[in-house]
Amino acid sequence: MGFVDTVLGNLSLHAAAHSQAESNAEPRKRAGVLIPLIVDHENDSVHVILTRRSFSLRTHPGEVALPGGRMDETDADISATALREAWEEIGLHPSHVRIVSTHESAISLHKLVVTPVCGIILDSVLQKSSAEESSAGTTTTSPSTVKHDQILQTMTLNESETDLVAKTLSMLQLNKDEVESAFAVPLQFFLSAKHHEEQEFIKNDGGVGVWRAHRFLFRGYSIFGLTAHFLVEFAVVATGKLPEFAMISQMERPQI
């Protein structure tokens, strides 16, 4: 069984337990983030799309994040929240994504109950992207399109980033008020100790001690905090493998 088949099989069987905090939280205290996957069957690879938040934002400016935000009263559920936010932030239309799993929630530093939802970009969308680029011969990028062509000036495509990944990134339409850039990371990256380190933060809830947190460095991007936590937990579920470093339990993270 190949890597893609393993990931898809594990996600199809996953059923996240609902936490007490999630069950008790009002909609305005809940948030959803999308873990958007680019599944490349030909190269047997899976990549996660991440964003760098705009430097002009009031909260977490310039930080790496998954597309997402607070739940709206009009959202049918947390999956609808994650899809709506991804559409608003990176132009990924809800009809282009298949939700495959919902994962364990965690508490943010702002005391929101945040739930990660995994969505696979449909094969038909990926194939259309590749076909359009092939027929065009060259790709023209509008000012509102992802800054991937700029990113490529500072890196070379290698085995960790396939043509399909580059083409998928190039079709995204970023909301420049919220998103500075978008990039994709191989799923296995979040299990490797090579670019991982552990951070500690002094507790801000009046408790004694520190919170533990993961941090990864990927091509100039620093991936840390709740985003890194979600991605490690997700990679474990999706691959069925443990990371090469110590995991962080929910009790070692902020609590309500």
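Which residue forms a salt bridge with Arg84, the closest N and O atoms being 3.4 Å apart? Glu88 does. That contact belongs to a predicted model, in which local features need pLDDT of at least 70, side-chain atom pairs count only at pLDDT 80 or more, and totals for chains, interfaces and linings use all residues. Residues are numbered from 1 along each chain as its sequence is written, and side-chain values use heavy atoms, with hydrogens and water left out.

**Salt bridges**

Side chains of opposite charge can pair when their charged atoms come close. Here a salt bridge is a side-chain nitrogen of Lys or Arg within 4 Å of a carboxyl oxygen of Asp or Glu. A search of the whole structure finds five of them.

| Asp75 | Arg84 | 2.9 Å |

Glu88 and Arg84 both lie in helix H3. They are four residues apart, about one turn of the helix. Helices (H or I, at least four residues) and strands (E, at least two) are DSSP runs, numbered from the N terminus. Salt bridges link Asp75, Arg84, Glu85 and Glu88 in a network.

How exposed are these side chains? Buried means under 20% relative accessible area, exposed over 50%, and partly exposed in between (1.4 Å probe, protein chains only). Arg84 is buried at 19%. Glu88 is partly exposed at 34%. Asp75 is buried, with a relative accessible area of 10%.

Asp75 sits in the loop between E4 and H3. Its C-alpha atom is separated by 9.3 Å from that of Pro27, 48 residues apart along the chain.

Glu198 is partly exposed at 38% relative accessibility. Arg212 is buried at 15%.

**Aromatic pairs**

Rings of Phe, Tyr and Trp (its six-membered ring) pair if their centres lie within 6.5 Å; planes under 30 degrees apart count as stacked, over 60 as edge-to-face and the rest as tilted. The whole structure holds seven aromatic pairs. In one of them, Phe183 and Tyr221, the ring centres are 3.7 Å apart and the planes are at 10°, so the pair is stacked. Phe183 lies in strand E8 (residues 179–186) and Tyr221 in strand E11 (residues 221–224), so this pair links parts of the chain 38 residues apart. Phe183 is buried at 3% relative accessible area. Tyr221 is buried too, at 6%.

Phe190 and Phe216 pair edge-to-face, with 5.3 Å centre to centre and 85° between the planes. Phe190 is in the loop between E8 and strand E9 (196–202), and Phe216 is in strand E10 (residues 210–218). They are 26 residues apart. Both Phe190 and Phe216 are buried.

**The largest pocket**

Rolling a probe the size of a water molecule over the atoms shows where empty space is left.

The largest share, four residues, comes from H7. By class, the lining has 18 nonpolar, ten polar and nine charged residues. Ala, Val, Leu, Ile, Met, Phe, Trp, Tyr, Cys and Pro count as nonpolar, Asp, Glu, Lys and Arg as charged, and the others, Gly among them, as polar.

**Helix H7**

Of the 15 residues of H7, 13 are buried, so the helix is largely enclosed by the rest of the structure. The expected span of a helix is 1.5 Å times one less than its number of residues. For H7 that gives 21 Å, and its end C-alpha atoms are 21 Å apart, which agrees. Just after H7, Gly240 takes a positive phi of about 75°.
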